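Thanks for coming, everyone. Let me put the chain up on the screen, and then we will walk through it piece by piece.

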Amino acid sequence: MAESMDTTEILPDEDDRKLFVGGLPQDAKQDDISAHFQTFGEIDNINLKTDPATGRSRGFAFVVFKTVDGLKDAVATEEHAVKGKKVAVKKAQAKQGKIYVGKLKAELSDEEIKSHFAQFGQIAQVEQPFDKTKNERKNFCFITFEKEDSAKQLLKAGTTTVNGVELEVKKVTPKPDPRAMGMMGMRGGGRGGFAGAYGYGDYYGGGYGYGDPYANYGGWGGYGGYYRPYGYGYWGRK
């Protein structure tokens, strides 16, 4: 009996093919977005962001091309318009991944720790708390990778060994920022609401809070900084 062959198309990492499109007309639909951007290459999918409460467009979308070249050609083109309205485009930044690393020992140097975790992907930031009272590094740290998949690899394993020392790896979970709750319904303006906060809570002596850049997107006009000329605030991540 003949064996069936797997003909599933293997595509490049989606983060390398994803385009952010901002300033869309309120009545723009996926077909309208596709009509313009398919001229740069075959489209894999389009994610038009809408308000979950009203169903109205939030004025921005993500377009994922089948190839990296499609993205590059779109970004290289200076002007874009959807339904006759000029829109802003930019390569979407990959969603970062953050982990907690525990059971660090004094004999492990900062460089050894960073070099080990760099094997799993590009590191955006290493946060190493320091105990001023004892004048020594605390026995845990936080590592943020440029891509979430790097963090997922480590979280799946749960532990990792550096120079014979087994370290525990845990997920850093989002912790709601009470200030953000009051901003959730606001629209317009030049900035989005307050971001959420990451915290590793009471178990580790509490109090470590880290801003979550993707907590609150805000609405069109208050999107918070992905593309400053259009009044967005801070963002760019999916």
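First, a term: buried means under 20% relative accessible area, exposed means over 50%, and partly exposed is in between, using a 1.4 Å probe and protein chains only. Next, the ground rules. This is a predicted model, where local features need pLDDT of at least 70, side-chain atom pairs count only at pLDDT 80 or more, and totals for chains, interfaces and linings use all residues. Residues are numbered from 1 along each chain as its sequence is written, and side-chain values use heavy atoms, with hydrogens and water left out.

Start with helix α2, residues 68-76. Helices (H or I, at least four residues) and strands (E, at least two) are DSSP runs, numbered from the N terminus. Which residues of α2 are buried? They are Gly70, Leu71 and Ala74. Looking down the helix axis, these buried residues fall within an arc of 100°, so they line one face of α2. That arc is taken from the directions from the helix axis to the C-beta atoms. The face turned away from the buried side carries exposed Asp69, Lys72 and Ala76. What do the buried residues pack against? β1, β3, β4 (80-82) and β5. Contact here means heavy atoms within 4.5 Å.

Now the core. A nonpolar core is a set of buried Ala, Val, Leu, Ile, Met, Phe, Trp, Tyr and Cys residues joined through side-chain atoms within 4.5 Å. The largest one has 18 residues. Leu19, Val21, Leu24, Ile33, Phe37, Val63 and Phe65 have the most contacts inside it. Elements giving two or more residues to this core include β1 (18-22), α1 (30-37) and β5 (85-91). Look at Phe37. Not counting residues up to four places away in sequence, Phe37 touches Leu19, Val21, Ile43, Val63, Phe65, His80, Val82 and Val89. Apart from this core lies another, of 16 residues, with Ile99, Val101, Phe145 and Ala151 among them.

On to the hairpin. Two strands pair if DSSP finds at least two bridges between them. β2 and β3 pair in the antiparallel sense over 6 bridges. The hairpin has 6 residues between its strands, and glycine 55 in the turn has a positive phi of about 80°.

Next, an open sheet. What is the strand order? With antiparallel pairing, the 5 strands run β7-β10-β6-β12-β11. β7 (123-127) and β11 (159-162) stand at the edges with a single partner strand each, so one side of each has no neighbour in the sheet. β7 pairs with β10 (140-145) over 4 antiparallel bridges. There, isoleucine 123 has phenylalanine 145 of β10 as its bridge partner.

Two helices lie across strands of this sheet. For angles, axes are lines fitted to C-alpha atoms, for helices over the stretch in contact, and values run from 0 to 180 degrees between N-to-C directions. Helix α3 (110-117) lies across β6, β7, β10, β11 and β12, at about 130° to β11. α4 lies across β6, β10, β11 and β12, at about 35° to β6.

Serine 150 sits in α4, residues 148-157. Is serine 150 buried or exposed? Buried, with a relative accessible area of 8%. Leaving aside neighbours within four places in sequence, serine 150 contacts Phe120, Gly121 and Phe145.

Last, the overall numbers. The chain has 5 helices and 15 strands. Of its 238 residues, 43% count as buried.
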